[in-house]
Amino acid sequence: MVGAIGFGGMPLSGFYGTADPAAAQQVLERALDSGVTLWDTAEVYGHGGNEELLAPLLHQHRDRITIATKFGINADGSIAAGPDEARCAVEGSLRRLGIDHIDLYYVHRIDPTIPIEDTVGALADLVADGKVGHLGLSEASAATLRRAHAVHPIAALQSEWSLWTRDLEPDVLPVARELGVAIVPYSPLGRGLLTADVPDTLEDGDHRRSSPRFTAQNIEHNLALAEVLGNFARERDCSAAQIALAWLLAQGDDVIPIPGTRSADRVRENADAVDVGLTAAEVEELGALMQGVAGARYARPHSYGDSPERNA
Ligand SMILES: NC(=O)c1ccc[n+]([C@@H]2O[C@H](COP(=O)([O-])OP(=O)(O)OC[C@H]3O[C@@H](n4cnc5c(N)ncnc54)[C@H](OP(=O)(O)O)[C@@H]3O)[C@@H](O)[C@H]2O)c1
């Protein structure tokens, strides 16, 4: 059991503009104070530095925080997510996080060169050894999820899902629900674009520079779409981020979005989205209003997600 909204740690390591490690501790403290206790990180975020940022508070409040981390993406963005990598990576994550047990351990990307059964088999051994509590997959297809779940129960599927990224709904979502796998939507705020919170010029190291949705030819269109969401939010007297999160929360109790932010105030604002409460008609209306985002989710096809064919 975790709170309705979790915390995505990635922006604390400078993915979307400069991050300040001292301010990061305040953000994490505010998350705790706001009841946001599912914390999401990954080996690859900040080359391990993101896990280290979370470690001090995690150590102090181990019983209150559910820590989720991931393995399987190399520093250069290539995928290596087989049994050997799982066994090696878990030791590094445990060391950096300063704990002896990871609550939720994800395969960050499905490795097309290795049968998912082999990877999940190795992860099941880590569960048996007590190093990992629950298993998760990120960006898995319905077929891969099913095959993985047959080897060991999969507790959570973390994939991109938001008002304008709804690719998983037709195929993956029904299978997750059939198997009882919780859904953890990442980038629920469209990496800040859904809330129209994007600087005029993205900094050099900002990962959104390579995102097709942020290119010169697409951004104006997408900001205009974000403005539609902003207008809707103003009418409801709440923020665009809160509406975007409330829309996900309305999809079911098994949906736990993990918005990321470098701001303590926004952690609280995002947590308060649980009180927004959209009607079924509003959920429908928002879905209709927010269609037609310009640009693919990722520039590199291998980052785009698993497919049954690739992992056959
Ligand atoms: N499994 C995967 O492959 C994968 C991929 C991407 C992300 N993730 C995980 O999912 C988490 C969330 O996704 P994400 O960080 O990519 O994107 P996101 O949560 O959709 O958006 C984060 C951006 O939104 C801004 N923001 C946050 N709260 C806001 C608010 N209330 N109002 C206006 N703007 C707000 C943040 O800016 P400020 O920092 O300036 O507040 C940040 O730039 C990540 O942190 C990471 O843990 C996983």
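**Close-up 1. Salt bridge between aspartate 103 and arginine 62 in the predicted model.** The side chains of aspartate 103 and arginine 62 meet at 3.1 Å, N to O, in a salt bridge (a side-chain nitrogen of Lys or Arg within 4 Å of a carboxyl oxygen of Asp or Glu). Aspartate 103 belongs to strand β4 and arginine 62 to the loop between α2 (49-60) and β3 (66-71), so that the pair links distant parts of the chain, 41 residues apart, where helices (H or I, at least four residues) and strands (E, at least two) are DSSP runs numbered from the N terminus. Aspartate 103 is buried at a relative accessible area of 16%, whereas arginine 62, at 24%, is partly exposed (buried means under 20% relative accessible area, exposed over 50%, and partly exposed in between, with a 1.4 Å probe and protein chains only).

As this is a predicted model, local features need pLDDT of at least 70 and side-chain atom pairs count only at pLDDT 80 or more, while totals for chains, interfaces and linings use all residues. Residues are numbered from 1 along each chain as its sequence is written, and side-chain values use heavy atoms, with hydrogens and water left out.

**Close-up 2. Salt bridge between glutamate 178 and arginine 146.** Here the N to O distance is 2.9 Å. Because glutamate 178 lies in helix α6 (residues 172-179) and arginine 146 in helix α5, the pair ties together parts that are 32 residues apart in sequence. Glutamate 178 counts as exposed, with 53% relative accessibility, and arginine 146 as partly exposed, with 38%.

**Close-up 3. Salt-bridge network of Glu139, Glu160, Arg191 and Arg297.** Within this network, the side chains of glutamate 160 and arginine 297 meet in a salt bridge of 3.0 Å, N to O. Glutamate 160 sits in strand β6 and arginine 297 in the segment after α10 (280-289), 137 residues apart, and both residues are buried. Glutamate 139, found in the loop between β5 (132-138) and α5 (142-151), is buried with a relative accessible area of 7%, and its side chain reaches the backbone nitrogen of glutamate 160 at 3.5 Å.

**Close-up 4. Lining of the second largest pocket.** About 420 Å³ of space lies in this pocket, and of its 18 lining residues the closest to the centre are Met1, Val2, Leu38, Ala182 and Ile256. A pocket is an open set of points on a 1 Å grid over the protein atoms alone, where a 1.4 Å probe fits, with protein on both sides within 12 Å along at least five of seven lines, and lining residues have an atom within 4 Å of a point.

Conventions: Points joined across faces, edges and corners; volume = space filled by probe spheres on them. Polar contact = N/O pair within 3.5 Å; in protein donor to acceptor, adjacent residues only side chain to side chain.
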